[in-house]
Amino acid sequence: MLAWTIYLSFAGALVEALLPKSKAAWARWLALALAVAGLAIAAMGFASGVGQGKQVLVNAAWIPSMGIRFVLAADGISRVLVLLTGLAAVAGVLFSWNIEERTHEFFAFYLALIGGVYGVFLSYDLFLLFVFYEIAIVPKYFLIAIWGSTRREYGAMKLALYSFVGSAMVLIGLLAAYVASGAHSTGLVELARAGLPVSFQMWLFPLVFTGFAILAGMWPLHTWAPTGHVAAPTAASMLLAGVVMKLGAYGCLRVAIGLFPHGMDPWGFSFAGIGSWRDVFALLAVIGIVYGALVALAQTDFKFVIGYSSVSHMGFVLLGLMTLKQIGVTGAVLQMFSHGVIAGLLFAIVGRIVYERTHTRQLAELEKMHLGRRLPFAAWAFVIAGMASMGLPGFSGFVAELQVLVGAWLAKPWWTVTAGVGIVVGVAYTWRALQKAFFSDRLPTPDEHPKTGWPDLGAITWPEVAGTSLLVVTTVVVGVYPRILLDTIEPAVRALLAGGVQ
């Protein structure tokens, strides 16, 4: 069933590309129908997989001479991330309802990107996973370069170059593992069972992990992310932070950790307390948490605040993976889902509801507009999204980050202590942005406040209400009852940590 998420997305992209330019309304409704259908399939696949192990969806010969097969399968980790993709896809279409320029082409690229993301999360052949991974890179370049803003060509090219560098590193690892395994197969299960030498895993693991972690926004290879987020149109920002960065984190878990578990073994010596690749990447994750939060605190552009916030929160995902503890890795997967929903909501509020009406993202200018009174829906939506982003109880981020921090404490307590600094700074930059953008007590000067009153910013539209409601309800439901996802994630994480890819 879940395989149809891929087929429908790519078929929809083809139909969208062939629609006449004059049928912009058709393009919107078709994209929404396909996104909703994908979400429905993802939800049914998730519900039917609760309590189940890995389920093979498709297993067919593709390139038999090289042992490459078209294998799609789903375990608890895949199901949760496919569900996230469905939610992000629907919300992204709703927040793109205002696209007027080349509408059918926009949604063609959009659905192609969604199809590639679905494919990565469901692939159980390393070559097939790599193909879908590359497919997802191309549409996001055009979405930013054509429909973006604020140095869009620069942002699109920087994102593409970083992505392709990471992809090249992954491809080298793929070829090396294929040759060294002697299994004449690119299947994830077959490669995991090939018994790759420990010394081989020790140099291959950092190569593959770094290749994927670039797309996950790992410090110091993160600089493409804020630039890309700011340049992208709203839906692309939502997808970039919501699901595309999760492709990198998923690859780190499924491929790097799953296939090369001994790559994190101790080196036999240590320097400044660093004695393994696990320590190296945990350190980079902790730096990313604190650095991203501090830089977000200093930003004057509202969207850059959210962009650097994403770097900080993705640091929790990478830190959770490096704990190698059941609770830490489970928290990392839950954080992927949680951050995908919350970041999508934040970018929707800032990029669509606020920017499209005020035509500015500068906090100093927004501070004069008193949007808390003029756009109360946006203000209170950001209050909820901000609380969720800070990890307050009752929202999905609380459970996810708590599990990561507990896992980090069990591994090395100083990881938790340092990451805690990032959480405190996160509270500061969130409330600073909230106060300046929506609830400023600064009184406007006579020149800033026309005698006739402020111009109308336009009513909130039904797609904006629907998209916001979908994401808010999701983060609250998971925050109040996290077992709805944990019962699916935990068995898959336990199996992966016990024996690699199963």
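Analyst: Happy to. First, a word on what you're looking at: this is a predicted model, where local features need pLDDT of at least 70, side-chain atom pairs count only at pLDDT 80 or more, and totals for chains, interfaces and linings use all residues. Residues are numbered from 1 along each chain as its sequence is written, and side-chain values use heavy atoms, with hydrogens and water left out.

Now the setting. The chain's secondary structure comes to 20 helices and two strands; these are DSSP runs numbered from the N terminus, with helices being H or I of at least four residues and strands E of at least two. Of its 502 residues, 62% count as buried, where buried means under 20% relative accessible area, exposed means over 50%, and partly exposed is in between (1.4 Å probe, protein chains only). The C-alpha atoms fill a box of roughly 80 × 55 × 40 Å, taken along the principal axes.

On to the backbone. Most residues other than glycine have a negative phi, and most peptide bonds are trans.

Start with the loop between helix H8 (198–215) and helix H9 (224–231), which is where Pro220 lies. The peptide bond leading from Trp219 into Pro220 is cis, and its omega is near 5°.

Next, move along to the loop that links helix H12 (302–323) to helix H13 (326–358), where you'll find Leu324. Leu324 isn't a glycine, yet its phi is positive, at about 55°. Its relative accessibility is 29%, so Leu324 counts as partly exposed.

His359 counts as exposed because its relative accessibility is 61%.

With a relative accessible area of 5%, Ala35 is buried. Leaving aside residues up to four places away in sequence, Ala35 touches Gly86, Ala89, Val90 and Val93, a contact being heavy atoms within 4.5 Å. Ala35 and Ile114 are 79 residues apart in sequence, and their C-alpha atoms are 8.9 Å apart in space.
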